[in-house]
Amino acid sequence: MKRKLLSVAAFLLMTNSVIQAQTTIFDKGSSWSYDDKGVELAEQWKNPGFDVSAWKSGNGPLGYGDPVTTTITKPLNAAYFTKDFTVNLADLTETVELGVMRDDGILVFLNGVEVVRDNMPAGAITYATLSSTTIDGANESVYNVFSIPKANFVQGTNRISIELHNRGAGSSDLRMDAYLKNAAPPVVIPPDTSCNDGNHISCFTSIVPTAQTSKLIIPTQHKFQLILKEGDPYTEGGGFVGGQNDFTGYVAKKVSGTPSSTDGYLSVNHETNPGGVTMAEINFNAATKLWQLTKSRAVDFSSASLVQTIRNCSGGVTPWGTIVTAEESVTGNDTNGDGYKDYGWLVEIDPATAEVSSKNANGTKGKLWQMGIMNHENVVVNDAGTLAYYGEDGGTHMVYKYAMDTPNDLSSGNLYVLKLDQGLVNGDPVGTTATWIQVPNKTQADQNNTTSLAESLGGTKFNGIEDVEISPLDGKVYFTAKGLDKVYRLKDNGTTASEVEVFVGGGSTVYNLYTADGVKSEAWGDGNDNLTFDELGNLWVLQDGGKNYIWVIAPDHTQANPKVKLFASMPAGSEPTGLTFTPDHKFGFFSIQHPSSSIATDVDATGNTIDYKGKSATIVIALKQNLGSASLGTIDHTIQNDVIVSPNPTSGIVNVNVNSDNLKNLNVTAYNMLGQIVYKKAFAETNAVLELDFTTQFQFSNMLILNIEADGFQKTVKLLKK
Amino acid sequence: MKNILLFIAIVFSVSNAAAQIDPLKYPTYTDIDVALLSKKTVYSMSFRNKGLYNLPPDLVRMDSLFFLNIMANHLEKMDKVIFSLKQLEILNVNENSIKFIPDEIGELKKLKTLSMNLNNLNVINSEISKLQNLKIVHFDSNNLSVFPEALLSIPSLEEINLHSNQISYVSDRLDKIKNLKYLNLSANQINDLGELKLPKYLKYLELQKNRIVKVPETIFQSKNIEYLNISDNAITQISPKIKGLENVVSMNLANNKLKELPEQLRYLKKLKTLVLVGNPMSKETIAGLKILMPDTAIYF
């Protein structure tokens, strides 16, 4: 179902006007009846009257293979759980929050009706049906939040039934726990003023939160185009594009001295062992509004002084137009006998020649030795070309700064590690100040042992520094710690830093999102990874873990006043990596790393069917008016024009004229100026003219926002009181 | 004689460098079906992070493979198909749940690099000593409680990484591993190194994060050590014989119980970096050391 995104005005909206006390109906660790016999149950098992008196019971979490309160039989493809509870409908909020920790997939039934299907395929489900993806790592412990409409509950006793499915009977673990409580008080989302003209790449309505599906999901305002994928033959030099596509850096070619947003190099890291970097040349065809790949080749790391590269993870684009690729693994061996350990360095590449540009003192190609050896993730260089920041994913888990001796020259400089003056507690900085401590980096022995030196000198250990970026608005340094599920920021004062704080995140932090299906809640989850700023200061956060989303955080976001949007969901099995933009920020390039071989084919902006099953792929995204033919994948504007609301202004009664026989599942929602829903109605059958009465609503408001949606259609109307 | 040795070493190193995997010459396949269909010989395969519980049986047909990466899967054992790959030189099994190494490991005679970090190994099968071409072994972050005795019978080893295990006993005959240059035993449970004899060409020695109280004087006979890390232990004093480390460039003694250091440090003319943070030393002691070693940067 395609729904057009809501326009800016609709962002005013939100939720019901009655704020209920946030009462817990049943909590985590509650008692459940369960069936773990490993057989298919009768269809009626989920119905309220089904006799479960002979079932076993125990408190959550229930399962096996991970810490549980109640251990059930193993191995299982599926286990079945039920629980009766009592509600007073008058005490319920309009939607009720269900939190479920599930490893791996679930179907949830309330009073016999399916209300949640998560990480499970569509269609009929049997005992043998396996979950869509494997849930592992920290994701196994996340309580995924779902909203259940109040209308699904009955006065008095209700029954919730959960069937939990494994990824495979051979899997070592299976676990479930859940809670149910009134939804948090509604949050009024302020207008997104940055998107008034709708022409910036950050202008979109959040996608509806979802487990990973068989396809890439991006907002309906946007399109994507496949640029290259794993296994494609290079156009020059032989060989083919490697796998595990990671940092995806657009480097503008200069046209008349100006960086081009339509002609450039696209550098794609391959986080493989052995590693590699693909250097492509791409340009934008203004007539077709599509990108064309004109050349592709492997970066040459074959010099004996380099000994190749491994696990080219993230990286950076320097202000002087080179690529820095980051080796994420360290090895101790010195194969070529040059005194340097072979792997675990940053390496600078000239995109024009697809060769390493950094030099050793003897003129041979070299890695950036003075920047130190570690599990490098990325690097960002300030616009002045004097400072670089980077972090280690693994090892020390620390944040580093490098002050170049000569601007625009990464080969020599002084190295520092970040020490929070009062440390971290539970992932939160205790104080707001920090110190940059110098780390010796001038001898081979020191360069080969950066991390143990930094650790001894007292650098602060985060957990999995995946990326560091600099805000274009205030110059603050932002960095992710994947293991702590948070993005931090600080102000660099030279030898010290201040204003250290958590900017966004926290694995269990739930953000409210305005989506095409209304307001949804979604946990940040774990795995915040690559970061990128656009020029407006929006922070794009790519997630490796959790549900592998791309989030976008507004520059004026605070944890107390969140401004978080959800841009994309990756195909099953994959994570998004390495987003960079063209200088005009019309286009963003990123990669889809390790999708499963079971994902579906798709149609991209070319209109062609694309198939990247099981192959890492690199794509470009843009607003749909900027990419591909206008007719591809767009909403039919003819239909939009055929829906007219009149009279406007009105004294209360309006007619919605639907001059189309194509609209199905029409929904009309009205919001007041506080963003509260004051009217909502669904029309399964669409008549040519709908008469709606807003007389009551206009007693309390002089203006309403109508959101009219149907399958493949959306329109927002500002309705004024006469 | 010294020059001849150097020449031999350079020739040896260059020939090794040429053996590194060039992605263009040896593309790494990540899909067994694609590899099976390839008209070219497949030398390198990676199944990293594929969620595998078992390896594809058809891997047996990839009999020219010299590189195999199966890291970050759900493997609980090393499938037999691995040992049919007689040309393997580099095997990466990191981040699985492997509990033991089968006897068949001894059949991979050409293996040069064996990496098994982050698994559940309690012991290293002695059959590994049949791998006489092995240069690099990584067994970081397993559950080993003793230094694997079998490694003493592989003189070709140049790098051994055993950090983050539970090792409390280290053989005093490490000198049998004649070519060893890099040894990492950090983050174990070592409190007594006995009369440890180190290999002659050892360059980097990492013993940090153990419970070592006394550094054996035999360590200070290692003339080729360039980097010594014995930080985060419980060392109370350093022998004057430390002057034997005549090629040491960087020494990390941080976070021990050292109140002072022997004045023989002044003989370490190549020492550029000395890290002393976290020791109960007075400012006067540090000032004295700075005068004693004007060419050494002291971090305190």
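Which backbone oxygen lies 2.6 Å from a polar atom of the side chain of A:Ser358? That is the backbone oxygen of A:Gly366.

First, the ground rules. This is a predicted model, where local features need pLDDT of at least 70, side-chain atom pairs count only at pLDDT 80 or more, and totals for chains, interfaces and linings use all residues. Residues are numbered from 1 along each chain as its sequence is written, chains are lettered from A and ligands numbered from 1 in the order in which they are written, and side-chain values use heavy atoms, with hydrogens and water left out.

**Chain B overall**

Chain B has 3 helices and 13 strands; helices (H or I, at least four residues) and strands (E, at least two) are DSSP runs, numbered from the N terminus. Its C-alpha atoms fill a box of roughly 70 × 40 × 30 Å along the principal axes. Of the 300 residues of chain B, 53% count as buried, where buried means under 20% relative accessible area, exposed over 50%, and partly exposed in between (1.4 Å probe, protein chains only). Take the contacts in chain B between residues at least 6 apart in sequence: 24% of them join residues at least 24 apart. Contact here means heavy atoms within 4.5 Å.

An unreviewed UniProt entry puts the annotation "domain: Disease resistance R13L4/SHOC-2-like LRR" on residues 82–189 of chain B. UniProt positions are given in the numbering used here, feature names are shortened, and annotations may be inferred rather than shown by experiment. Over residues 82–189 the chain is 0% helix and 14% strand, with the end C-alpha atoms 33 Å apart.

**Where B meets A**

At the interface, 49 residues of chain B are in contact with 47 residues of chain A. The size of an interface is often given as the accessible area lost when the parts come together. For chain B and chain A the buried area is about 3,600 Å², of which carbon and sulfur atoms give 53%; buried area is the accessible area (1.4 Å probe) that two parts lose on being put together, summed over both.

There are 10 residue pairs in polar contact between the two chains, both residues at pLDDT 80 or more. A polar contact is a pair of N or O atoms within 3.5 Å; within protein, one must be able to donate a hydrogen and the other to accept it, and residues adjacent in sequence count only if both atoms are side-chain atoms. Several elements of chain B each supply at least two residues of the side that touches chain A, including helix H1 (2–18), strand S1 (28–29) and strand S12 (273–275). The largest share, 3 residues, comes from H1(B). The residues on that side divide into 19 nonpolar, 18 polar and 12 charged; Ala, Val, Leu, Ile, Met, Phe, Trp, Tyr, Cys and Pro count as nonpolar, Asp, Glu, Lys and Arg as charged, and the others, Gly among them, as polar.

B:Tyr29 sits in strand S1 of chain B and is buried, with a relative accessible area of 8%. The side chains of B:Tyr29 and B:Ser38 are joined by a polar contact of 2.9 Å.

**Salt bridges**

Side chains of opposite charge can pair when their charged atoms come close. The rule for a salt bridge is a side-chain nitrogen of Lys or Arg within 4 Å of a carboxyl oxygen of Asp or Glu.

| Pair | N to O distance |
|---|---|
| A:Glu271 and B:Arg48 | 3.4 Å |
| A:Arg311 and A:Glu271 | 3.2 Å |
| A:Lys37 and A:Asp35 | 3.3 Å |
| A:Lys365 and A:Glu355 | 2.9 Å |

A:Glu271 pairs with B:Arg48 and also with A:Arg311. A:Glu271 is buried at 5% relative accessible area, and A:Arg311 counts as buried at 10%. In the A:Lys37 pair, A:Lys37 is exposed at 59%, whereas A:Asp35 is buried at 3%.

**Back to A:Ser358**

A:Ser358 is in the loop between strand S21 (355–356) and strand S22 (380–381) of chain A, and is buried at 5% relative accessible area. Its contacts beyond four places in sequence include A:Glu348, A:Lys365 and A:Gly366. A:Lys365 is itself buried at 16%, while its salt-bridge partner A:Glu355 is partly exposed at 31%.
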